[in-house]
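Let's take a look at this one together, starting with how the parts are laid out and then moving to where they touch.

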Amino acid sequence: MEPFYLTAKEFAQRGREDFPKEEAPSHALIYSSPATLSYNSPGANGYGVKRAGLAIPESVMLLVAPGCCGRNSTILSRVSGYSERMFYLLMDETDLVTGRHLKKIPQAVEEILDVPEVRPKVVVICITCVDALLGTDLVRVCKKAEERTGVHVVPSYMYALMREGTKPPMTAIRQSVYSLLRPLRKNPHAVNLLGQFAPYDDDTEIYEMFRKAGLTKIREIGRMKTLEEYMEMGEANFNLVLNPESRYAADDLMQRLGMPYIEMNRFYDIQKIQRQYALLGGALGVKFDDAAYYEEASRALEAFKERHPKLTFAIGQTVNANPFELAAALLSYGYAVDRVFANATPADLPFITKIAEMSPDTRFYTSISPTMMNYKLEGEVDITIGKDAAWYYPEAVSVPFFSDVQPFGYRGLMRLLAEMEDALRANTEVTS
Amino acid sequence: MKGLWKYLSPFAPDISGAVEVLFRMNGLIVIIDAGGCTGNVCGFDEPRWKSEKSAIFSAGLRDLDAILGRDEAMMKKIGDVLGVMENPSFLALVGTPVPSVIATDYQALRRMGERKFGITTLTMQTTGMELYDKGQEKAYLELLKTYLGQGERRELQSGEIHDPAGECTCPENEEVPSYMQPIGIFGATPMDLLDFDTTDTIKDRAVCCGGQARVFGESVQDFKEAASFRENLVISPSGLAAASYMEKKYGIPYTVRYPLPAGFELAGLTRDEIEGKRILIVHQAVAAETIRSEMEQACDNVRVDTATFFMPFANCRTLPEEDDFIELVADGNYDIIVGDPMLRRACRGWSGRFVELPQFSVSGVEKQ
């Protein structure tokens, strides 16, 4: 059987009313091919739930779960350097029946506080699917642990069973990591960037443009070194949501702290970047002077196109980008996009429609479809973006474009161009 | 505190152990989870996943599937996948913590699978709360009980001795010498093997005087023919129950030893280095005990203890908890500890020599 795919034209024609059920992971058995492992698990590479929970400065995590839920931490925590901040309270079958593991948590918190050389100020408790089914009230347990130890104890949830619910794990953890913020006197010069767990690139224009517009206190959790610094995020005049998965956290902060928010998307289409800054300026009542950044990025784009006038791309899901937006942007720059390997949601339809207009035959595959077991390499692409796409085209030039520190805006586009240039040049050197 | 791990992180669970045994046998393996357990198995515990193809799937359970016990819905998804596979050997349903909580009826699942699809259906009642060796033990026994039926022991006839690729290796119409009857090997998965070993090298060393060695887990055919093997070799405690079952039911003897490669009998140490020393070896129990025995034969005045976080064997001490290891190190007065590099973290305050002997089921160190 041929792997399931839709062409851009077919996908766009089906629209929201007939959105393909194959795009929902729970529709079929999930194929965890090596291509999908970086995103198809709540605890996978990059920032999964556990690592994300540790974004709170001076925190440690206690995972309360069956051993299998913590197995990936054995490897990932070592590779990513957070193994000394992870602790485990492993459940057995009696715990499942009696719920006695919950009674042990306050004492466990007390014991782990003595292990690190510097006493942690926050303990994040993470529970998993079994406690979701048991209906565990973790907030109450955390309060008890807090009373016993005097440190902040934060509940968090790695509920893989709820991946397609209203509050999937990566949305829930974003709410958890901001849950310690308390109302402070509003500072009109302060803004929080809510999006990722690591910071955005230092040279992202957003910092400089905001400062020029009077927003001098730009905070994001990935740059907060101490709990004290993190708590200062409570003085923000508003939050800027740079990733839709942070919307729930922003709603929570609006409700609890009266902190409004504005959303921005990450684009690689230079016209969209420019338009978005204009809209943001309008909403804030300021004018962002982005002309120099626009010019700089335009020059970089033109230079790249001059050096590489004809390229065919395959794009994966493990990228610092929305793969559909990225595909549409590359097509608008005159390149060909042959394949996109990613799970679409209805929110991606505007990009898919745009792709269909420029390249109706571009194929969209969902990597986790069982039919992908039969995927055979066909056709050729020059360059892949995303390490999952590279798995399908091992011979093509590979640009992983997947890092903890995040690209954004004009400088994000320039970083993408630079990484593509480096990879193409390295390939030329090898083959010549 | 029981269950609290402060320095070490979780070891490979029973789910991964069961899947490792099933991995190469061309079955449809469905892990009954939401996706995370399968991600762990494929991404971290199965080093062959990146280079070999196997049909491992997550059931993709969601909260309502679990709460309402929608087995029919899962079976429908399974039917869809069976439709795109070419002659799978079996359907294996592997348990996780979720089916444990909702008390899934595995017998009913097996019957549904067999009735609905007409395919041999195996169920692994793993929970994610036990360790890999328990999962392997369950998988071996399930496979043997499923494929052996009620037959008695018989010798393989000429034309029946096949290599794993299915080629006949014994001419027809000729008497099969007894040494040609295969040796079966239990417990040879990446989890059990020493870091530098593979099943191929184990097979070579297991049969030094001719004949065949079959590693259980490479072909369904081996389980079907297991009653005809002349002997079984157990290289990890995960295979002990299966070997014992074969001995009791079919009279097939077994030995327990890890066929160490030349030069590695002393865990990479020299005779001078272990002379007069007090040593602790922590690994899977059969490997640890084999190395201990070699060390004691090499030196009269070496004192070697063995310990394991997994199933026990012989004099190997079991360490159910991290605290048990910490206590053993603190009280043992050891000069040398041989074990997985991750164990160093739990050796605080101990100042002897640590010799690394990686164990995939502990640290998941990628094989070279």
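## How the chain is divided

Domain bounds here come from an automatic or database domain assignment. With that in hand, chain A splits into domain 1 (5-37 + 290-431), domain 2 (49-162) and domain 3 (187-284). Keep in mind that this is a predicted model.

## Domain 1 against domain 3

Start inside chain A. The C-alpha centres of domain 1 of chain A and domain 3 of chain A are 26 Å apart, and the contact draws on 27 residues from domain 1 of chain A and 25 residues from domain 3 of chain A. Together, domain 1 of chain A and domain 3 of chain A bury about 2,400 Å², with carbon and sulfur atoms giving 60% of that. On the domain 1 side, A:Y293, A:Q406 and A:F408 supply 31% of the area buried against domain 3 of chain A, more than any other three residues.

What about polar links? Between domain 1 of chain A and domain 3 of chain A there are two salt bridges and 17 residue pairs in polar contact (both at pLDDT 80 or more).

Which helices line the domain 1 side? In chain A, α13 (291-307), α14 (323-332), α15 (349-358) and α17 (409-431) each bring at least two residues to the side of domain 1 that touches domain 3. Of these, α17(A) gives the most, with seven residues. By type, that side of domain 1 of chain A has 15 nonpolar, six polar and six charged residues.

## Chain A against chain B

Now step out to the second chain. Here 58 residues of chain A are in contact with 62 residues of chain B. The two chains bury about 4,900 Å² between them, 66% of it on carbon and sulfur atoms.

There are three salt bridges between chain A and chain B. A:D92 forms a salt bridge with B:K2, and their closest N and O atoms are 3.4 Å apart. The interface of chain A and chain B also holds 21 residue pairs in polar contact (both at pLDDT 80 or more). Several elements of chain A each supply at least two residues to the side touching chain B, among them α4 (93-98) and α5 (101-113). The largest share, ten residues, comes from α3(A). That side of chain A divides into 34 nonpolar, 14 polar and ten charged residues.

## Strands across the chains

Finally, look for a strand pairing. β2(A) and strand β3 (residues 55-58) of chain B run antiparallel, joined by two bridges. In this pairing, A:I30 stands opposite B:S58 in β3(B).

Key: Residues numbered from 1 in each chain as written. Chains lettered and ligands numbered in written order. Predicted model: local features only at pLDDT ≥ 70, side-chain atom pairs only at ≥ 80, totals over all residues. Heavy atoms only, no water. Contact = heavy atoms within 4.5 Å. Buried area = accessible area lost by both parts, 1.4 Å probe. Salt bridge = Lys/Arg side-chain N within 4 Å of Asp/Glu carboxyl O. Polar contact = N/O pair within 3.5 Å; in protein donor to acceptor, adjacent residues only side chain to side chain. Helix = DSSP H or I, 4+ residues; strand = E, 2+ residues; numbered from the N terminus. Nonpolar A, V, L, I, M, F, W, Y, C, P; charged D, E, K, R; others polar. Pairing = 2+ DSSP bridges.
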